[in-house]
Amino acid sequence: MKITFAKLGINGEGIGYTEEKKPVFCSGVYPGDTALVKIIEEHDHYAKAQLTKILDYSKERVRSACPHDRRCQACPLLRMDYKAQLKYKKQMLDEALWKYGRVSDKLIRDMHESPLTSGYRNQLKLPVREYDGVLKTGMYLQGTNHFVETDGCLMHDPEMEKVRGEVMKLVNAYEIKAYDTRSMKGLRYLILRGIDHQFMVCFITGRDELSEGFINAVSAIDGMTTVSQSINTDKKANTFFGSKVKVLKGEEHMTVHLKDIDLQLSPDSFFQLNKPQAERLYELAIQKIDPCDSLVEAYCGVGAMSIMAADKAKSVIGIESVEAAVNNAEANALLNHVDDHVRFLCKDASEGMQYVLSRKNVDVLLADPPRSGMDEAMINTILSSSIRKIVYISCNPATLGKNIKDLKKEYDVRTVIPFDMFPGTPHIESITVLERRGMKMPRVEKKKRIRNKH
């Protein structure tokens, strides 16, 4: 079947139409491509196809600099011009927010492009496998558990990639084995973070004790601050980390400078992968917060935005369900001298919101939920509150649209500001500002604080 593709799907696949106007989804093609495809799934309202041959290439195609992109398929937009990526991502956001939340595209701003289009990822989490007696890192083919061996990733920070290579040389020099499900021993995953010329490595292993010589050799790598280990023997684990992370040598934390604050990150802390773009997103999100008495940040992680917004409110409370992240957040508030009015709760988001609301009024909610969005309990808690303003950071247009549909019972959407956090991929981050209907923010003088000197 010959099809000219017109749109981009949420997973980066091309969308074309049959003569009967039925949508056909196909990986490996872009809007503007004309291709021969084979239908592999037929449904009532759509079909899935497999690419046979591209007959006419889109003018928005470019040559990929990554030698692995066809094999690992983690960055389906790598062969598309960057300006075109931004255009189609904006289009996807427009369509998702209209479909799920009836948000007009007039409220959606232009995409903020990333300062870096490659080399932006500051952390890697890679499975390890043995090939011809040599342990190698790789990636799982998207949507499968099929291992694809690679000798590097174009999207990883180049310095971090160099360190990954050095670590893997030592892994093989010390004859460490790949993880075996029967013996429950061996190296399962390699996790490495690299920010501001500092590196922390965590070995996810079975029931192994890493030798002192190996630990010392890894810690001697230039810039290495932390060598740690976590044991994970769960066959069905859907997370990398298993047991509590144990620091084998070096510092318990890495200190990272973000705009005008410092953050301590433990080996298992969540931190935005694209730091330069995260700084821009956080700064703009905080600009949207009016000076107020009480600010709550839900899903606050290590507390970065709560601390950056410390002078916006007399009281700031961050809510996070992961205990290790809350410990980091509390240390970070102390580190930045805002612990007098910035505090953190280790609770589920809706439970934490209910706890705070039972004790005080909340003026502004800052929220950065996971891809699944806010759950029903959180939405109902917000709707039954008197929160005047919501600044909602989303990484999933579909769940954002669904949440907006529910929140529109009491709130109006003022603006949606998209950011490209992951060039080469179809992922979209955005800031949505919502205000409660019929309520205005009271005028509150900004809280002044002394910032750290660097």
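Mentor: Before we start, a pocket here is an open set of grid points with protein on both sides within 12 Å along at least five of seven lines. The model we are reading is predicted.

Trainee: How much space lies in the second largest pocket?

Mentor: The pocket has a lining of 26 residues. Its volume is the space filled by probe spheres set on the grid points. For the second largest pocket that comes to about 830 Å³.

Trainee: Which residues lie nearest the centre of the second largest pocket?

Mentor: Strand 3 (23-26), strand 4, strand 5 (47-56) and helix 1 (69-72) each give two or more residues to the lining. Of the 26 lining residues, those nearest the centre are Glu13, Cys26, Ser27, Gly28 and Gln73.

Trainee: Which strand gives the most to the lining of the second largest pocket?

Mentor: Strand 3 and strand 4 are among the elements that supply two or more residues. The most, four residues, comes from strand 5.

Trainee: In what order do the strands of the closed barrel run?

Mentor: The barrel has five strands, and their pairing is mixed. From one strand to the next, the twist averages 50°. The order is 1-2-3-5-4.

Trainee: What is the bridge partner of Ile3 in strand 4?

Mentor: Strand 1 (residues 2-8) pairs with strand 4 (residues 34-42) through three bridges, in the antiparallel sense. Within strand 4, Ile3 is partnered by Ala35.

Trainee: Which residue takes a positive phi in the hairpin of strand 2 and strand 3?

Mentor: Five residues lie between the two strands of this hairpin. The positive phi is near 70°, and the residue that takes it is Lys21.

Trainee: Do strand 3 and strand 5 pair in the parallel or antiparallel sense?

Mentor: Three bridges hold this pairing. The sense is parallel.

Trainee: Is Tyr100 buried or partly exposed?

Mentor: Tyr100 belongs to helix 2 (residues 82-101). Apart from neighbours within four places in sequence, Tyr100 is in contact with Ala398, Gly401, Lys402 and Lys405. Buried requires under 20% relative accessible area and exposed over 50%. Tyr100 has 27%, so the residue counts as partly exposed.

Trainee: Which backbone nitrogen does the side chain of Asn396 reach?

Mentor: Asn396 sits in the loop between strand 19 (389-394) and helix 10 (397-407). Asn396 is buried because its relative accessible area is 12%. Residues up to four places away in sequence aside, Asn396 touches Arg371 and Ile428. At 3.0 Å, its side chain reaches the backbone nitrogen of Ala398.

Trainee: Why is Asn232 counted as buried?

Mentor: Asn232 is in the loop between strand 11 (224-231) and strand 12 (246-250). Leaving out residues up to four places away in sequence, its contacts include Tyr179, Arg188, Phe240 and Phe241. The cut-off for buried is under 20%. Asn232 is buried because its relative accessible area is 3%.

Trainee: How far apart are the C-alpha atoms of Met155 and Leu345?

Mentor: Met155 lies in the loop between strand 8 (147-149) and helix 3 (158-173). Met155 is buried, with a relative accessible area of 2%, and among the residues it touches beyond four places in sequence are Cys75, Leu78, Pro423 and Gly424. Met155 and Leu345 are 190 residues apart along the chain, and their C-alpha atoms are separated by 34 Å.

Trainee: How much space lies in the largest cavity?

Mentor: The count comes to one cavity of 30 Å³ or more. The lining of the largest cavity is Gln123, Ile191, Leu192, Arg193, Met200, Val201, Cys202 and Pro267, with at least two residues from each of strand 9 (187-195) and strand 10 (198-205). The space in the largest cavity is about 40 Å³.

Methods:
Residues numbered from 1 in each chain as written. Predicted model: local features only at pLDDT ≥ 70, side-chain atom pairs only at ≥ 80, totals over all residues. Heavy atoms only, no water. Buried < 20%, exposed > 50% of the residue type's maximum accessible area, 1.4 Å probe, protein only. Polar contact = N/O pair within 3.5 Å; in protein donor to acceptor, adjacent residues only side chain to side chain. Contact = heavy atoms within 4.5 Å. Pairing = 2+ DSSP bridges. Axes fitted to C-alpha atoms, helices over the stretch in contact; angles between N-to-C directions. 1 Å grid on protein atoms, 1.4 Å probe; cavity = no way out; pocket = protein on both sides within 12 Å on 5 of 7 lines; lining within 4 Å.
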